[in-house]
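Please open the model in your viewer and keep the selection tool at hand.

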Amino acid sequence: MKKKIIITALSCAVLGALAYFAYVFPFYEFEQNDYDTSLDKILSLDYLKMLAPLFIIVGLSVVGIILIILLRKRMLKKDKTYSRFAGRARSGKTPKQKPIPYMIIRWIVMIGFGFMMIWGGLIFGLRMSSVSIPILSCPWNTEQMTESSCYYLSHLSELFDLPIKNILLFFGSTLLFIILLGRAICGFLCPMGLIQDIMDKLRRRTKTEGIPANEKLYSALTPIKWALLLIFIGLCFIGGNFCNFCPAVATSPILAGMSTSLYVSGFIMIFVLIGGFFKRRLFCNICPLGYFIGLFHKVSLFRIKKDCTACTECGACYEACPMGIKQIYTERGKANVTDANCIMCGECVKCCPEDNALSLTCAGLKLYTSSRKDIMSGYDPMKK
Ligand code: SF4
Ligand code: SF4
Ligand code: SF4
């Protein structure tokens, strides 16, 4: 515990120093308020210029990913036993499970809300400008949509300057969404989750090995999460701006035709892309907003349920979980195994080989249940 507190303090100091230098020398700076999404603008050279920071971020991330792959190959070459077995594993084909409706719906919703995060302000901004929901609302996208929950949670002093009606609307709509959906917001709605899931899919498609996630990694990430949480809530009291750290600022406003200055957010976005490529949802493991939403998991409608009598303790659910939640595997008595970190991605249910051992429910209704038949659907005994 003492070690974690020291590492948290050090992380705060490093992130603070990084923020200060990035503030003095912004990664990329454009004039604000040149919001224009007309077709002429989008097809113009100016718009391409506006996308330049995005190209830089993607370019640096690709270079980073290639360097890590090369470095790892070089290191593994020396380990003859590992490279022999790794080679064998890569040569085998992984059977493909049949498409699962829960996963298809999750992807459709994620893509839809990713679109809304970028252009939702433009579509709904004027009509919903007093309602705070955790998406549709990044104030950097458009000035029409200023009631963003993450913005005001990290700028509390600005929130309390608003008229009482707006403050009540803020707390009402934010809490309603967070309480009802809990961290299903992370699994279904957050565009940063979508970006990380896309990076994970890219890694699988390119048959690149990920970073083996273990308890050591998750425990090393905890102090960074605390440091970011302190910055998220604390900066507003000492005159800072958490949005300078937010990776979403480095992408969605630019795509929406609204140019912004990138401070630390551009670098954090590179971390999100490279990290998300090698370890699924790496950033979600340190995200302060996700942590905040997780505090309400006990009252949210979504749950992971376990039938401990059907569980054979194989550990596949823990292996598959991008948030490293051990209790879905270790729990031997309770039916409710929902954890504050659970993003309702359904990966544990998908990988569980026992009928009904794990299920994902909403308001008591089963949405998705583990099934041996689903797992075996990728195997065709007639095929060699
Ligand atoms: S943890 Fe943060 S980045 Fe990840 S999905 Fe949730 S809100 Fe988005
Ligand atoms: S417990 Fe299951 S649903 Fe929750 S994050 Fe882990 S894999 Fe996803
Ligand atoms: S994957 Fe299913 S059977 Fe295996 S440990 Fe997890 S709950 Fe139990």
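Which residues are the closest around ligand 2? Select C321, C342, C345, G346 and C348, the closest of the 13 residues that surround ligand 2; a residue counts as near if one of its heavy atoms lies within 4 Å. By class, this shell has eleven nonpolar, one polar and one charged residues; Ala, Val, Leu, Ile, Met, Phe, Trp, Tyr, Cys and Pro count as nonpolar, Asp, Glu, Lys and Arg as charged, and the others, Gly among them, as polar.

This is a predicted model, in which local features need pLDDT of at least 70 and side-chain atom pairs count only at pLDDT 80 or more, while totals for chains, interfaces and linings use all residues. Residues are numbered from 1 along each chain as its sequence is written, chains are lettered from A and ligands numbered from 1 in the order in which they are written, and side-chain values use heavy atoms, leaving out hydrogens and water.

Next, select ligand 1. Around ligand 1 are R183, C186, C190, M192, R281, F283, C284, C287 and G290. This shell divides into six nonpolar, one polar and two charged residues.
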